[in-house]
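Okay, everyone, thanks for coming. Let me put the structure up, and then I'll talk through the charged pairs and the strands.

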Amino acid sequence: MHTLTLPLPPSINRRFKPTAHNPYTLTESVRTFKAHVALLALEHDLTPLTGKLFAQVDLFRPADRGDADNYTKVLFDSLEGILYHKDAQINRYVVSVWVDKTNPRTIITVCEYTPTLYHLPIAAHLPPASP
C-alpha cells in the first residue's frame, strides 16, 4: 500500500495547450505537477505496485466548485511508473471532495484490489421492488 500527499492536480480542462506543431502539448501546470510528483516519489523510495488496484482519493479544493473527475485523470496519469505501472491497473477508485481554502491538496492511497461484498453493484444492496 502506498499513500502520498500531493498538491491539487491541475484540472483536465487545462491539460493541453495546442501549439503550431502539436495540438496535444502538455501545459506548464501539468508538467510542473508531474515533476513535483516524481520528486516526491524519489523521496519516498516507492516501488510501483502490480496487479489490480484500489485507489482512495481525497481532494481538498480551495472552493466547492468544478467536477472532481476533472482532477483524477491528471492525477492518475502523473502517478504512472510511481505508484503503479499503468493507471489501467486501477480496478476501482473512490473520490471524496473536501474544501480547504488554506491548504488545497490531494491525498491518494493505492492498495491491492480485493473484491468483497461491499464492492457489489449498488443494485445488489437494494431491497427487491414491491409488486
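So, aspartate 64 is exposed, at 63% relative accessible area, where exposed means over 50%, buried under 20% and partly exposed in between, using a 1.4 Å probe and protein chains only. This is a predicted model, so local features need pLDDT of at least 70 and side-chain atom pairs count only at pLDDT 80 or more, while totals for chains, interfaces and linings use all residues. Numbering runs from 1 along each chain as its sequence is written, and side-chain values use heavy atoms, with hydrogens and water left out.

Back to aspartate 64: it forms a salt bridge with arginine 61, closest N and O atoms 3.3 Å apart. By salt bridge I mean a side-chain nitrogen of Lys or Arg within 4 Å of a carboxyl oxygen of Asp or Glu. Arginine 61 is buried, at 4%.

How many salt bridges does that rule give? The count is 5. Another one joins aspartate 77 to lysine 73, at 3.1 Å from N to O. Those two sit 4 residues apart in helix α2 (residues 69-78), so about one helical turn separates them. Helices are DSSP runs of H or I, at least four residues, and strands are runs of E, at least two, numbered from the N terminus. Aspartate 77 is buried at 14%, whereas lysine 73 is partly exposed at 36%. Lys73, Asp77 and Asp87 are linked in a salt-bridge network.

Now the strands, which pair if DSSP finds at least two bridges between them. Strand β2 (residues 53-61) runs antiparallel to β4 over 8 bridges, with phenylalanine 54 opposite cysteine 111 in β4.
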